[in-house]
Structure formats: C-alpha cells, structure tokens
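Open the model in a viewer and keep the selection tool at hand. The stops below say what to select next and what is there.

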Amino acid sequence: MTIVILTGPPGCGKGTQAEIMAGRLGVPVISTGDTFRAQVAAGTELGRRAQAYLDAGEYVPDEVTNAMVLDRLTADDTRPGFLLDGYPRTLDQVAVLDEFLDAHHRHLDAVVALEVPPDELVQRLLHRAQLEHRSDDTEDVIRHRLEVYDQYTRPLIKEYAGRGRLIPVDGTGELAEVSNRILTVADSLLYPHA
Ligand code: ADP
C-alpha cells in the first residue's frame, strides 16, 4: 500500500513522471488536470463548471475539486494505493485529503516535489504550447499559472516538509535522468530497508 503525492510547478514534468513512478509502484495515477480536461472534452456538467477556470489558468474551486477527488478515491483500483498528480494544490485540499486518509486508516507515504527553476519552466511551457495547443498554454496564462502556483501551492511544500514527508527531486536535465531519480525514490518507498 503506497500513497504518494507528486507536486511541482506547471511545466516541471509532473504528468510524465507521475506515470513512470506509478508504474513502478503498481498504483493508479489520479491526475486532477487530466480529469478536468477529459470532463471538458466530454461536455459533462463538471466539465462545464471547470472550463472557464482552466482556460484562465485559475484553480477550479476547492469544493468542486475535492468532491471529484474523493469520489475517485473510493474506486476499487486504489486498494494498493495511488499517486496523486496535481492534488492537493491548496491548504484546504490538504485538510480534505488528511481527513479522508484518517477516516480510511490510510497514511501518506511521501510527497515528491519536482524542482525546476522559474526561467526554465516558462521556456518549457511555451515549447509545449507549440506542440500541444492546450487552451491554457498562452504566454499570459502561463505566467499567471506560475503566480497562482507560488501563491497557493508552494506553501504546501513547507507544510509537508514540516511533517517529515517531503522528498525533493531535481527536475532538470534529460527526461531519462529525471526518471531515474524518480525511480530511485519509488524503490526507496517499496524497499525501505534495502
Ligand atoms: P499544470 O500542472 O501544468 O498547471 P494540470 O494539468 O495539473 O497542469 O492542471 C491544469 C488545470 O486544471 C489547472 O490550471 C487548474 O485550472 C485545474 N486543476 C488541476 N488540479 C487542480 C486542483 N487540485 N485544484 C484546482 N484546480 C485544479
């Protein structure tokens, strides 16, 4: 049973590394960003509520996001654990997750924080914008997303460090180098006494 949060600013490579780490751990990835985008694409009620926030680079309101994640966490495939990509992102979401884990007698194993310097993030996001055409990948929205991250999500790093759960990982360099660092962390969680 392994429960991990993967956190980091927009453009740090979270989505890619989430899949790699979850594969090693044998747990599903729960990505709030992907879930919101899928709901928008499918034209659901949740998608309609989320779309304007996504396009503007704002966070979807906590009550909407929390309800969606709590619902997902009750699915059977989370029995061996799960890896959260993009959640929690606010202190309110941290409190909701804490309460859920307590109520289910489960505990958080690690919060892995991918670290990339701000200048490189902007470069990467602009590059991705050219390739993927995500609606929130224009330069103004990118800068705004980085500000929103600094204001609401960066404080979570301190919170989890204070709990002794934080594992910082260098997110710079070749994809394979970052993956190797991530897999080393995954192995340290799977085999703590090795
Ligand atoms: P990135 O990490 O590149 O910003 P994500 O795919 O994780 O991208 O998220 C895209 C968007 O989805 C966010 O800008 C936000 O609007 C919404 N979102 C994702 N996760 C959350 C969350 N935990 N709380 C609120 N909004 C969220």
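This is a predicted model: local features need pLDDT of at least 70, side-chain atom pairs count only at pLDDT 80 or more; totals for chains, interfaces and linings use all residues.

The largest share, three residues, comes from β1.

Now select the whole lining of the largest cavity: Ile5, Leu6, Thr7, Gly8, Lys14, Gly86, Tyr87, Pro88, Arg89, Tyr149 and Thr153. By class, these residues split into five nonpolar, four polar and two charged. The volume of the largest cavity is about 50 Å³, and the structure has one cavity of 30 Å³ or more.

**A cis bond in the lining**

Keep Tyr87 and Pro88 selected, as both belong to the lining of the largest cavity. Is the peptide bond from Tyr87 to Pro88 cis or trans? That bond is cis, and its omega is near -5°. Most peptide bonds are trans. To place Pro88 in the chain, look in the loop between β3 (81–85) and α5 (91–103).

**The ligand**

Select the ligand next, then the residues around it. There are 18 of them, and the closest are Thr32, Arg37, Glu58, Gly86 and Arg89. Gly86 and Arg89 are also among the residues that line the largest cavity.

Which element gives the largest share of the shell around the ligand? Helix α2 (residues 32–42) does, with four residues. By class, the shell holds six nonpolar, five polar and seven charged residues.

- Thr32: a polar atom of its side chain is 2.7 Å from a ligand nitrogen.
- Gln93: an N or O atom in its side chain is 2.9 Å from a ligand nitrogen.
- Val60: here a backbone N or O atom lies 3.0 Å from a ligand nitrogen.

How much of the ligand's area does the protein bury? Taken alone, the ligand exposes 540 Å², and the protein buries 96% of that.

**The largest pocket**

Hide the ligand and look at the space it takes, which is the largest pocket. Its volume is about 920 Å³. The lining has 40 residues, and those closest to the centre of the pocket are Gly11, Lys14, Arg128, Arg134 and Arg145. Lys14 has already been selected once, as one of the residues lining the largest cavity.

Colour the following elements, which each supply two or more residues to the pocket lining: α1 (14–25), α2, α3 (45–56), α6 (118–132), α7 (139–162) and α8 (175–190).

**Last stop**

Go to the loop between α5 and β4 (110–115) and select His105 there. Most residues other than glycine have a negative phi.

Conventions
Residues are numbered from 1 along each chain as its sequence is written. Side-chain values use heavy atoms; hydrogens and water are left out. A residue is near a molecule or strand if one of its heavy atoms lies within 4 Å of it. A polar contact is a pair of N or O atoms within 3.5 Å; within protein, one must be able to donate a hydrogen and the other to accept it, and residues adjacent in sequence count only if both atoms are side-chain atoms. Accessible areas come from the Shrake-Rupley method with a 1.4 Å probe; for residues, only the protein chains shown count as cover. On a 1 Å grid over the protein atoms alone, a cavity is a set of points where a 1.4 Å probe fits but cannot get out, and a pocket is an open set with protein on both sides within 12 Å along at least five of seven lines; lining residues have an atom within 4 Å of a point. A molecule sits in a cavity or pocket if more than half of its atoms lie within 2 Å of its grid points. Ala, Val, Leu, Ile, Met, Phe, Trp, Tyr, Cys and Pro count as nonpolar, Asp, Glu, Lys and Arg as charged, and the others, Gly among them, as polar. Grid points are joined across faces, edges and corners, and a volume is the space filled by probe spheres set on the points.
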